[in-house]
Structure formats: C-alpha cells, structure tokens
Amino acid sequence: MLRTDVENPDYFHKVVDCQWACPAHTNVPEYIRLIAQGRYDDAYIVNRHSNVFPGILGRTCDRPCEPACRRSRLDEKPVAICRLKRVAADHKSDIKDRIPKSPATKNGKKIALVGAGPSALTVANDLMPLGYECTIFEKGPQAGGLMRINIPSFRLPAEVLDEEIGYIIDMGVEVKYNTPVDSLKELLDSEVYDAVFVGSGAPKGKELVLPGRYDSDQIFIGIEWLESIHFGHISSVGEKVLIIGVGNTAMDCCRSSKRLGAKDVKVIARKTRKYFKASPWELEDAEEEQVEIRENLSPVQFVYENGKLVGMEFEEFHSQEIDGKLVQEPIGKVTIPCDTVILAIGQDNAFPWIERNIGLEFGKWDMPVVDKTTFMSTQEGVFFGGDAAFGPLNIIWAVEQGHQAAISIHNYCSGRPVGDRPLSSINLTSTKMGLHEWSYSNNYDPSKRQKMRHIELKQRFSNMTTEVEEGFTEEQVKTEVERCLNCDVQTHFTDSQCIECDACIDICPVDCLTITQPGEEPELRTRLTAPATQYDQALFVSGGLKQTGRVMVKDENVCLHCGLCAERCPTFAWDMRKFVINLPLAGDPGAQRQPVTAGVGA
Amino acid sequence: MSYILKPKVHHPSLQKNAVGLTRRDYEGAISTLCAGCGHDSITAAFIQAFWELDIEPYKVAKLSGIGCSSKTPAYFLREAHGFNSVHGRMPSVATGAAAANRELVMVGVSGDGDSLSIGLGQLCHAIRRNVNLLYVLENNGVYGLTKGQFSASADPGSTSKKGDINSMEAIDGVLMALTLGATFVARSFSGDKAQLVPLIKAGLSHKGFAFIDVISPCVTFNDHEGSTKSYAYTREHQLEVIQADFTMPQEEITTEYAPNTTKRVQLHDGSVVTLSKVGEDYDPTDRDRAYSHIRELHAKGETATGLLYISPDSVDMMDQNEAVPEALYNQPFDILCPGSAELDKLQQRFR
C-alpha cells in the first residue's frame, strides 16, 4: 500500500461518515457543535447552505446519515442527527437577513421550472442570488410538491413548509399557481426561457389490478388518497382499513387512517420485516399508534358481499432465510375483513406533457435520458431533477440534484460546457489550544441516544394536524450533542516527526493504530492491533518511518476522535485537525487544481 | 497529562481471555508521565502479558519504590494489590510479601535510580535469595523526576540534554544480576513489545527471581543525540541474541524453529520457553558464557537483548527454606504457633 494521500479531498471527507453519506453533504459535526454552543442561527445557516430545508428535513428526512454514523458501530445507536437539525430550525431567531438575496440588476437570463417541489425550489434558491429570473409553473394552488400534499401535517406542519419555501420565493421567484405545463414543446417554442428545469416529481401511484379492483369506491391509491385528505376532499374512512404495501407512503396512509376515525388498521406486507421499505423509525411510530403490520401476505382478490367490499383475500406464505435469501412457500389462503383498501405499493413517473418528437430521448421504463452528473437531458437546455430525473427517491436527493442542476444551468447560460464542474477544496486547521487542550469537546460521552417525546395517542387522533413529535427538551439536546464524535476533527499524522515510541498505540481506547511492516491492504488488514474487517472503512498508511522503515497504520473504522493519540504524542506527529470541505454550488468559483481521479486513500 | 480519562468504550472485536476478562480490564489509571515515555509502553506490555496469561488481577501484588518508573504500577491492573515503598526498599517489602503469601503473583517495578543507586544493596540481596518475583528495571539512564541528572546506568561518554559528558563507569544491571546468581536474566526495549511481552510472561511464570532490564527512553531528558538510551540509539545498537517464545502449559507449540539454533526450557508450572536465534557459541543456560558474550557485544558497541540467561533448576527462597507449599498467611493458628510446649522442646535441642 502506498502512502495515503490525505490531500485528496475524498480521504478525510469519507471519515466524516454522516457528511459523506448525506447526498447534499451537510456539515453535520459542525452544526451539532454550533447547537452545543447555543448558536442555533449559525447551525441553521450551515444546514441551509447544503440542504436548503433544515426544518422540513429535520422532521422528514430519510436520514442516510444515521445508519452511516460512526457512533452506531460503537454504541448501537447513531447520533440523532436528523432531530438535532430540527432543534436548530425550531430555536433559531429571525434569520431572514442571512438568506441570500437576488441582486437588483438581473443577469438577463430567464429560467422556467416545472413543479414547485424540493428540486425546483433548490434550483431557484441557487440561481436567484446570481441574478437569474426564475418562473415556477405549479399545477396546484401551493408550493412544496410532495412535501406538502403527500406528507401528512401531523409529521410536517404547514407553517414549517411555508416558512422555508417562503425564504426562496421571497427572493423574487415568480410562481404561476394552478398552471400545469401541458406541452414542453410549447414552453420551448415560446423562446422566453434560456433553460428549463423539470422537477415534476413521480406523481403517479402504482395500480394493483386484481379481481374486484374497480367494483368499489372504497379502494384508493395511496398518494392520491393522501392528496385528497390534504385538500379536504376526504375526511372519513371505513372502520376497518387495509393498507397494501409497507413503504413510507404506507406508513403515512395507516397513520392518517387512524386520524380519520378508523378503528382497525392493518398494513399488509408481502415479505418479512427485514425487507420492509419503510424506515425503521416510521414503522415504530405506526406501531406505537396501534397499527398492525402483517407479514407474508400477497393480495389475490377483493371480496364482496351483496355488492359491498367486505374484505380482501391473500395468499399466505411461510418464510425462511436460506443462505441469506428469503424463501417463501405458499401455505394457503386467508381473507381479512375490511371496509377500505389503500394501495401503497410505489410510485411511477409520468410525462404525458412531454412530446416524444422534440429531440428529448426517453429510455428504459419510459424515463427521460438524463446525464447523472449534469442532469441535462438529450435536449440541450432542458434539465431534470428530483423524482422526475431517476424515479422516486427522498427529499434530500431532490435537493442535491437541484444543486447540481443549478451548476449546469449556470454553466449553460454562461456559455461554458455543462460538464465543467467546479472543484472542491479542503482546509485543515489544528484544534490545539494547549498541551492537552483542544478547541472541540474531545471526551467520549457514554450517554445513550435520546428518545423523541411524542404527544399522547388520544390527542394525536383528534385531528390531522397535531404534530406528533414534540422535539427534544433542552436537557436532551445537551446530552445528544455530546454523543457526536466530531469525526471532522481528523487525526493528522506527520511521518517525519514520529519516533515510534508506541504511546499513541498504547493509549488508543479502540485499538485503531498499529506500527508495522508495510504490506498490501488485504494482508495488512489481518495483522493490525484489532482486525480491520469493515472493508468500506479506509486504512490510513503513513510513509516509511525514519527509525525502522515501518509504517503507521490507522483503521478509521471506530476512531473516537478523542485526541488521546495526539495528547500522548511527544513530537506532535499526531495532531487533531478540523477538516472543512468546500463543495461549490452554482456561481462558486471552485478550487484551482487538477481534478483527482485516483481512488480514495491509497 | 491528559484532562480526560481513557474512555471505557472499546473495539467491537475485543476478546475475553480464559477468566472472562478483556485486555481493557487489566488497565489502571491514565498515565501522568510525559507523553512518549518508554515506561508507558512497558505498562502496555504488562497489561498484554497478564491478559494473555489469564491471571486474575486480585491474585497479583505490584510493588515499587520511588521514581517515574515506580509510579507505573498505578497504570495497570487496577484491581491488583499494590505497595509503593520507600525509595530503594521495594525488594525488602517484596521479600516479606513473598514470604507471607507465596501464592501471589509478584511483580516489582523499579528504575535505574531506585535499583542501582539508593536501592542497590536491596536488589542484590533479593537476587541472592531468589525471591519469587518478576523484577522489571525500567532503565532510562537519567533521574527524570529530578530533571535529568546522570543515573548509575548512564554510559560513560554519553551526554546530558545540556551537553555535559558523563565520565563515570555505568552499572550494568544484567551483568550484576548474573554475578549475583540470578536465575532468570533478560534485557529488552520498551519500543519492542514483540520481544518484551513474551519475556514478561516467562518472567512471571519463572519460579524465583526474574530480572528484566528494559531500556525505556526518557523522552524529556534522555532522547537526544548524545544519549545512548534514546529511541534512535537503542534501535540502532540493540542486538537480539536470543528470541524467547513463551508457551502456556495447556498450549501446543505450533511455531516451527530452525534446527540447531533452538533450545527449550520447561518452567515449574509446565509452561515452556523456546529460545531461538541462539548462536553456536552461546548457551543461555551457561552463566559464564552468557556473561562473556554480553561483554563482548558491549565492547563492540552493541547491546545484547533477549532472555540472556535462565537456570532450569531454580529453587526459590521459600523452597530453600523448606516452607510449607501453601501461603503462610492462610495457615491455621496452631500450625503457625505450635504453643509453648513445642517451643520448650525446640529449646531443649540447643542446651
């Protein structure tokens, strides 16, 4: 293994597991430290820079950061990163002055955005301060897209949506409400706009055509049903409700049913719990509301008596895991009584308004062909983002795709190649304050993850809008922020200073360090102080040390970032350095260097 | 010194030994020695060795005198017995402890000042008596606690941090132990745990006085260019003449050794020390040959390390005195004190 190149921005970035896992690369440790200091405004702005909607995401994000969190490899449960984001949003003061503004003199470029969901709003957020004039065409009466019409307000209150969407629209975005785009050709032919961004989502719920599907008015498609509740078209439901499917939409449907007065709500899953698509915490929240989740059932037909829907018939399976694979054998049929069935088995894209003869290519599954880096379609000047680009993902992905599309649109409108991406750069600053003092909280806090407080069931079920989660108390915030390991404060090693005294190796609580003979990575991993079997976690390998020619090896996997290696180092070969990665957004110049093409580490 | 304690959290793969303890269970307080001190590495080697030997900490007594080295028993085996004695007097206390409870695993930790200056006489007699004790001399060649004066083990010609040249002859603990009849004599280096840990294990299992001189650089006062006990100098000049592998009684010897260069010594408890790299002219069970070999290497500017001498037929102090095999402290009172009638009988023999 060659010496690890820590100048490669990816190396240390990957050590910050949460930030690396976040599609928008939110600087998580930094905002958690700011919350710890009570600097909620700053914490909010750090968040907003990357993810644009901290208050919304602090309640609804799918949190790819949390399963990645290093803490979960030491302590079972990750830091409550998502809900700490909400803390920043809830406790901030008036931050309007800190939101970027659109300049008085515009740059003369006009951008049309289709749909007012998170991706299009992000594009507007990035382009407005550069002087672009953005026009959003929204088919509904309000902005927010699925965030507003598909996520029930007991999870995401309307005020939060209004506030954060308002920050963007108030930059001077023109929003044409109740104005669906019926023809892309017309929009392009009007020649009003220099570029078009399509962020129209994946608005079509999947259908389940089984005998009896169309014989009742009590069979609904999940996202359409949620939308109808949002607009007040539906305000009641049968007493016994079956939800088919076990994704996050199914969770919203079953919990909404409870609030509309259903007494007996069952969610039906084809497979076993391990394979459920819903996030574990959403499943927990639903079960807390006395929703029953039934596994191993596959729908066969709707059952009627005297023309009235009375149940649904399922094929039942016996499941077992063989060699890590789920093997299901049918064991018979069951009928579960119900008054209402809601189908929540996924979403599809639909582009009936895009003509297929204007040069915009469609590929597999009738999806537009979109470049994965630039988000431009085969039609120059037409960009896609959010669920419209690559099918249903989560809000945080839509935001990141919006950021990337905005960079492309800016390039396109400035006459540069769209693939000309601004380069990231890194900054490392020592956190040393004294002989054994650091400018971050380096002690390991053994506290357990704080549990979110929920309001009582009775109060919850009284209406659709009472928010279930109460947020963390001040005490909980104080405890939770200290659980963060500050993974962005990096262990930085200077080969030439090491005298191989072993002090760092002896003090390391988690056996990360080894001084050993150099070797190739797979073999090296087997002869470290502790076996390095988490292969997705990098090894740092130094150059040859001057006294013996051996190398210092660090397994990044469970490093606590406690700084004890640096405290016990007599020569400052180890230092704790705060890592900041600058990931340019549209209009940021980016770093002046050659792009790095080598793999992470060495 | 660090303001935080070493966090209790550990690597997910941390193993337990035969008595159900992890290596972390053998730790002590966090060290207050200078960062990079060789003594801390020796502490880590102790932790590793005790863990590997499956010794329950409460069956161990740690003894020390005064000095940086003598602080270190606080940093390992927090649940063991301990005695921090007057300067240089640890061997006497250890002798007493060994006499009172021969079932304890005894480890004495001392430095070059505590052992070779103020406590020289004490050390000599403990060696002579063959007290069942592992005696580790953490040797850095300076009085670190009093700011870096030359100690009795400082080599002639080596310099202090300020540049003064030492003109006096050094006392070599290893040669001295050999002449005094020590039954287990070794030298090692704090920066070489692969060598040190098996030596500590063998020393703990040896019945009798096991002496290990460990070169342990003082980063603050004796790690400079003119030093002969710095990390760099020791790495350049140490020559491992004998490599000792230690195998516990229940373990199988799996390592393959080159023929004619290996010697096996079985210890009292059935464990085996396998000595390899032994040259043809060197026999680690021949006291005189060992002595001269170390001297020859020294003359060439090399420091011999490894298990330099071991006596296969060591008889420790308690056996020399035909003491009962069990601990004295645990004997019933009527055996410890047979009464005045027995005393009279005894006295009659001398009339």
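Student: What makes up the secondary structure of chain A in this predicted model?

Tutor: In this predicted model, the secondary structure of chain A comes to 22 helices and 23 strands, where a run counts as a helix from at least four residues and as a strand from at least two.

Student: How do you know that the radius of gyration of chain A agrees with that of a compact globule?

Tutor: For 602 residues a compact globule would have a radius of gyration near 25 Å, and chain A has 26 Å, so the value agrees with the rule. Along the principal axes, the C-alpha trace of chain A spans about 90 × 60 × 45 Å.

Student: What share of the residues of chain A is called buried, and what makes a residue buried?

Tutor: A residue is buried if 20 or more other C-beta atoms lie within 10 Å of its own, and 47% of the 602 residues of chain A count as buried.

Student: Which share of the contacts in chain A between residues at least 6 apart in sequence joins residues at least 24 apart?

Tutor: That share is 73% in chain A, a contact being two C-beta atoms within 7 Å.

Student: What does the secondary structure of chain B come to, and why is chain B called as compact as a globular protein of its length?

Tutor: Chain B comes to 12 helices and 12 strands. Its radius of gyration is 21 Å, close to the 20 Å that the globule rule gives for 351 residues, and therefore chain B is called as compact as a globular protein of that length. The C-alpha atoms of chain B fill a box of roughly 70 × 50 × 45 Å along the principal axes, and 49% of its 351 residues count as buried.

Conventions
Residues numbered from 1 in each chain as written. Chains lettered and ligands numbered in written order. Predicted model: local features only at pLDDT ≥ 70, side-chain atom pairs only at ≥ 80, totals over all residues. Rg over C-alpha atoms; globule rule 2.2 N^0.38 Å. Buried ≥ 20, exposed ≤ 12 C-beta atoms within 10 Å, placed from the backbone.
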